Amino acid sequence: MAARGRRSGRERWANAESALTKALLLGVFVLGLIAQFVQPVGDALEGKAYLGGSIVSLVGYVLYTEVRELNRRTRPEAGSEIRTADLGEHIERVVGNRRARRVRIDAVGYTGETVKAPVMRSLEALEEGARRSVRVRILVPDFTVPMAIPGTLDAQGRAVDDPAYRAYQLDRVRWNVREFAGVARSLRGSRRADMDVQFRMLRITPLLKFCLLNGDELFDGIYDKVVQESAPVPPERQILDLKGYQAVLTHWRAGSGAAGREKVAQRQDLFDTLWRLSSPLPAPPGQA
């Protein structure tokens, strides 16, 4: 509401300025016509070089302002680009901001590690008694169901499911959950932050990758490489995996203009929808 009020105030001033300038220029034009045909008026204005210079300056100012506004309105908005490896700097900037009492991070990714590390670093650096409120929601693929990637190759060279590697990826997600839980306990004990971290899963393609900070900033991209490498778990074999640490993310800000607001709002709506459709992580073996 405040932002809308500021915008409407600027718009009212812009409209008033335009009307005032047009009225002044019209008055100068009419005065020039009168001076041309009415002798006393012409004699009174004769030699007013400073007045003419002021008028020229005014016209120049009006033209400059209008051209600048036209350029601003017609310039296509575009998000800046960063590497996924640099996302942590932006997360630390937001989480570590002393003026931000509440922080919300919503992310769709592979295992959540890209978000976990910078969040933990910035929270552990908080001063005792900071009392920050941090909410993190991370949506990952459902590694309990068959999928081709991550997977392996069959005899015909086609991607097929690899249950052992899926189980390994699910264990990585659970490990991230445990690490977050440990940090959350430490932060509450020192009154540095109250952290609520949730992981959920959904049967979606693992290619999807984006992160939202406070509903104001969006980092949007995909896992852009499929690689074949040795499996980290037995038996010895080649597996297909996704890599996105060097992937390019487009950075959009809701405050940068209409395009930025639309992009951020669209991804936030998508995330909220996927989150509602998602399911909790299954309990580890022996805890079901």
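This is a predicted model: local features need pLDDT of at least 70, side-chain atom pairs count only at pLDDT 80 or more; totals for chains, interfaces and linings use all residues.
## Overall make-up

The protein has 288 residues, of which 35% are buried. Its secondary structure consists of seven helices and twelve strands.

Contacts can also be sorted by how far apart the partners are in the sequence. Among contacts with a separation of 6 or more, 72% are between residues 24 or more positions apart.

Strands of a sheet pair through backbone hydrogen bonds, and the pairing can be parallel or antiparallel.

The pairing of strand 4 (residues 151-153) with strand 5 is antiparallel and rests on two bridges. Leu153 has Ala159 of strand 5 as its bridge partner.

## Strand 11 and its partners

Strand 11 (residues 248-253) runs antiparallel to strand 1 (residues 80-83), and four bridges join them. Strand 11 also pairs with strand 8, again in the antiparallel sense and over four bridges.

Which residue of strand 11 is the bridge partner of Ser80? That partner is His251. His251 is likewise the bridge partner of Phe219.

## Glu217

Glu217 lies in strand 8. Is Glu217 buried or exposed? Its relative accessible area is 7%, under the 20% limit, so Glu217 counts as buried.

Apart from neighbours within four places in sequence, the residues in contact with Glu217 include Val94, Cys211, Leu212, Trp252, Arg253 and Val264. Arg261 is 44 residues from Glu217 in sequence, and their C-alpha atoms are 9.1 Å apart in space.

## The second largest pocket

The second largest pocket holds about 540 Å³ of space. It is lined by 33 residues, and those closest to its centre are Glu113, Thr114, Lys209, Tyr223 and Tyr245. Several elements give two or more residues to the lining, among them helix 4 (87-95), helix 6 (163-189), strand 2 (102-108) and strand 7 (208-213). Strand 9 (225-230) and strand 10 (238-243) are also included.

Which helix gives the largest share of the lining? Helix 5 does, with six residues. By residue type, the lining divides into 18 nonpolar, eight polar and seven charged residues.

Ser190 sits in the loop between helix 6 and strand 6 (193-202). Ser190 is buried because its relative accessible area, 13%, is under 20%. The side chain of Ser190 makes a polar contact of 2.7 Å with the side chain of Arg192. Leaving out residues up to four places away in sequence, Ser190 touches Glu128 and Gly129.

Arg191 is found in the loop between helix 6 and strand 6 as well. Its phi is near 60°, which is a positive value in a residue other than glycine. Arg191 has a relative accessibility of 46%, between the limits of 20% and 50%, and therefore counts as partly exposed.

## Other backbone features

Asn214 also has a positive phi, about 60°, although it is not a glycine. Asn214 is placed in the loop between strand 7 and strand 8 (217-222). With a relative accessible area of 25%, Asn214 is partly exposed.

Where are cis peptide bonds found? One joins Ile149 and Pro150, with omega about 0°. Pro150 belongs to the loop between strand 3 (132-141) and strand 4. Another cis peptide bond joins Pro234 and Pro235, and omega is about 0° there too. The loop that holds Pro235 lies between strand 9 and strand 10.

Notes:
Residues are numbered from 1 along each chain as its sequence is written. Side-chain values use heavy atoms; hydrogens and water are left out. On a 1 Å grid over the protein atoms alone, a cavity is a set of points where a 1.4 Å probe fits but cannot get out, and a pocket is an open set with protein on both sides within 12 Å along at least five of seven lines; lining residues have an atom within 4 Å of a point. Grid points are joined across faces, edges and corners, and a volume is the space filled by probe spheres set on the points. Ala, Val, Leu, Ile, Met, Phe, Trp, Tyr, Cys and Pro count as nonpolar, Asp, Glu, Lys and Arg as charged, and the others, Gly among them, as polar. Two strands pair if DSSP finds at least two bridges between them. Buried means under 20% relative accessible area, exposed over 50%, partly exposed in between (1.4 Å probe, protein chains only). A polar contact is a pair of N or O atoms within 3.5 Å; within protein, one must be able to donate a hydrogen and the other to accept it, and residues adjacent in sequence count only if both atoms are side-chain atoms. Contact means heavy atoms within 4.5 Å.
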